[in-house]
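Hi there,

Here is the structure I promised to pass on to you. Please open it beside this email as you read.

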Amino acid sequence: MRKIWFNLIAGYILSFFFTANLWAADFKKADELFEKGTFQAALEEYDKIASESKDLHEVFKAFYRGCESLTNLYRYGEAVERIREYKGNLSGHDRHRFLALKAEILRNFLIQHGGYQRGDVIDVPGKEAFRLTPKEIKEEIFNSYTQLWESREELVKFSLQDESYFLDLKNVDFDMYPTFLDYVVQSWLGHILQSIYDSNTEKKVLNPEATALLADDFAQSLQFNDPPGLVAAELIESLIRIHGDKNLEARERLKIHRLLLPVHQNYLYTYP
């Protein structure tokens, strides 16, 4: 009897060990395909993992890389569909990664399709993303960034160097971008300062004076309803203050970035 139970237990252990190794190998295969740039094949592997795994973090990793594979294939509409329909129970830092990914994918979708999407709806059966107007897309982008901003005190503690699986960090200057919050703000600034196609003229506001940004102590608080050029400066200064007495080089370079805004984005400011 003992021998039978021993054989059964040993069989279960071997079965579990084999399954675990097979699972790890599947993820390894998907990652290797992704790194080689064979994104369609990688997408298929990630989709398989996401549908079969019971581990929520592993499912999210596969989902994330699947969305990245689609964007690398310039299939932004499909990536938007996936991320807007995602029902995973996200917790911890995976929620922040999800929001940052959502903002980036929507930004790229807006760039790719905003020129002809304007206020009219493009009716593509089964593709709800193409029914979104630029105004609606921008609202979703804004909501993603503001939700991340609400977690700023937490995100400033996350080292960006730990995000190598989720972000391409090969050429990143970590003195300039030491934390995940720095990455989020840089991404957000890219959206704020970018010329986006949009026929909506409801909320046109006057550009701020460029000279206001040249003050050594820029104390303007962050107000999301301010003109884009001013919001960008406010966001940079807010990030500097959140860093406190840490990340001195990042703080100084952020200050330079704020001072140069009127030079690099002159269309967002007025001049004497």
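Predicted model: local features only at pLDDT ≥ 70, side-chain atom pairs only at ≥ 80, totals over all residues.

The chain averages a pLDDT of 85, and 82% of the residues score at least 70. Confidence is highest in helix 7 (residues 152-155), with a mean of 97, and lowest in helix 1 (residues 2-36), at 57. I would read two stretches with care: pLDDT stays under 50 over residues 1-25, for which the model has three contacts beyond four places in sequence, and also under 50 over residues 197-201, with 11 such contacts.

The largest nonpolar core holds 60 residues, and Trp149, Leu181, Leu235 and Leu261 have the most contacts inside it. Helices 3, 4, 5, 6, 8, 9 and 10 each give two or more residues to this core. A second, separate core has nine residues, among them Leu33, Phe34, Ile49 and Ala62.

Beyond its neighbours within four places in sequence, Leu235 touches Trp149, Val185, Trp188, Leu189, Ile192 and Leu222. Of these, Val185, Trp188, Leu189 and Ile192 are buried residues of helix 8.

Helix 8 itself is largely enclosed by the rest of the structure, because 10 of its 13 residues are buried; the buried set also includes Asp182 and His191. At the start of helix 8, a side-chain oxygen of Thr179 comes within 3.3 Å of the backbone nitrogen of Leu181.

Conventions
Residues numbered from 1 in each chain as written. Heavy atoms only, no water. Core = buried A, V, L, I, M, F, W, Y, C linked by side-chain atoms within 4.5 Å. Buried < 20%, exposed > 50% of the residue type's maximum accessible area, 1.4 Å probe, protein only. Helix = DSSP H or I, 4+ residues; strand = E, 2+ residues; numbered from the N terminus. Contact = heavy atoms within 4.5 Å. pLDDT = per-residue confidence, 0-100. Polar contact = N/O pair within 3.5 Å; in protein donor to acceptor, adjacent residues only side chain to side chain.
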